[in-house]
Amino acid sequence: MLIEKKDISRALDFKENTVEAKGKKLDLLSYGSLIEHYGNKGQVGNAILVLKECIKVHGSPPGEKSLSKLRLACRQQEITKEVGLENLIGKDPLEWLREGEGQLKREYSKKGRRNLLLVKNKLLHI
């Protein structure tokens, strides 16, 4: 809730003084919200620190929805290998989609569709 209101300092204060002072841990969703917030703001270093803490506490990273903005920020700054993001959370599951879209764009152009339209028109006139 504090992260949604963009009050990250109070959220971190709550984490340290209230939750961790009682010996409890944040859940994966809370860590995911922190990582997503830092990813939206382009703060890759803070997001990586929270991600490493999450993996240390829970043994696994949060869901892909929380990590997508972090992946995007690392890809835009071209620091994915330097940070070791693939070692921490694995390969991007949507990478195949980006590669496939690049190939499909040529097929859906007017030049690529002209033979398909010819066959379709022939079938309709039978």
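Me: Hi! Which helices are included in what covers the buried residues of H2?
Reply: Happy to start there, noting that this is a predicted model. H2 runs over residues 28-41, and its buried residues are Tyr31, Gly32, Leu34, Ile35, His37, Tyr38 and Gly39. The cover over these buried residues includes helix H1 (8-19), helix H3 (44-58) and H4.

Me: How far does H2 reach from its first C-alpha to its last?
Reply: Helix H2 has 14 residues. At 1.5 Å a residue, a span of 20 Å is expected, and the model comes close to it. From first to last C-alpha, H2 reaches 20 Å.

Me: Which residue follows H2, and what is its phi near?
Reply: H2 covers residues 28-41. The residue after H2 has a positive phi. It is Gly42, with phi near 80°.

Me: What pattern does the protein chain follow along its sequence?
Reply: The chain holds 8 helices and 0 strands. The pattern is α-α-α-α-α-α-α-α.

Me: What share of the accessible surface of the protein chain belongs to carbon and sulfur atoms?
Reply: Of the 126 residues in the chain, 24% are buried. The accessible surface comes to about 9500 Å². The share belonging to carbon and sulfur atoms is 54%.

Me: Turning to the second largest pocket, how many charged residues does its lining have?
Reply: This pocket holds about 180 Å³ of space. Its lining is made of Arg71, Arg75, Thr80, Leu85, Glu86, Gly90, Lys91, Asp92, Glu95 and Arg98. By class, 1 of these is nonpolar and 2 are polar, while the number of charged residues is 7.

Me: Which helices each supply at least two residues of that pocket's lining?
Reply: The lining includes Arg71, and Arg71 has its place in helix H4. The helices that each supply at least two lining residues are helix H4 (64-77), helix H6 (85-89) and helix H7 (95-107).

Me: Is Arg71 buried or exposed?
Reply: Beyond its neighbours within four places in sequence, Arg71 is in contact with Glu64, Leu85, Ile89, Gly90, Lys91, Asp92 and Pro93. Its relative accessibility is 7%. The cut-off for a buried residue is under 20%, so Arg71 counts as buried.

Me: What distance separates the C-alpha atoms of Glu64 and Leu94?
Reply: Glu64 lies in helix H4 and is partly exposed, with a relative accessible area of 29%. Leaving out neighbours within four places, Glu64 is in contact with Arg71, Asp92 and Pro93. Glu64 and Leu94 are 30 residues apart along the chain, and their C-alpha atoms are separated by 9.9 Å.

Me: Which residues is Ile79 in contact with, leaving aside neighbours within four places in sequence?
Reply: Ile79 sits in the loop between H4 and H5, and at 16% relative accessibility it counts as buried. Its C-alpha atom is 9.6 Å from that of a residue 35 places away along the chain. The contacts of Ile79 are Val44 and Cys74.

How values were computed:
Residues numbered from 1 in each chain as written. Predicted model: local features only at pLDDT ≥ 70, side-chain atom pairs only at ≥ 80, totals over all residues. Heavy atoms only, no water. 1 Å grid on protein atoms, 1.4 Å probe; cavity = no way out; pocket = protein on both sides within 12 Å on 5 of 7 lines; lining within 4 Å. Points joined across faces, edges and corners; volume = space filled by probe spheres on them. Helix = DSSP H or I, 4+ residues; strand = E, 2+ residues; numbered from the N terminus. Nonpolar A, V, L, I, M, F, W, Y, C, P; charged D, E, K, R; others polar. Buried < 20%, exposed > 50% of the residue type's maximum accessible area, 1.4 Å probe, protein only. Areas by Shrake-Rupley, 256 points an atom, 1.4 Å probe, with all protein chains shown as cover. Expected span 1.5 Å × (residues − 1). Contact = heavy atoms within 4.5 Å.
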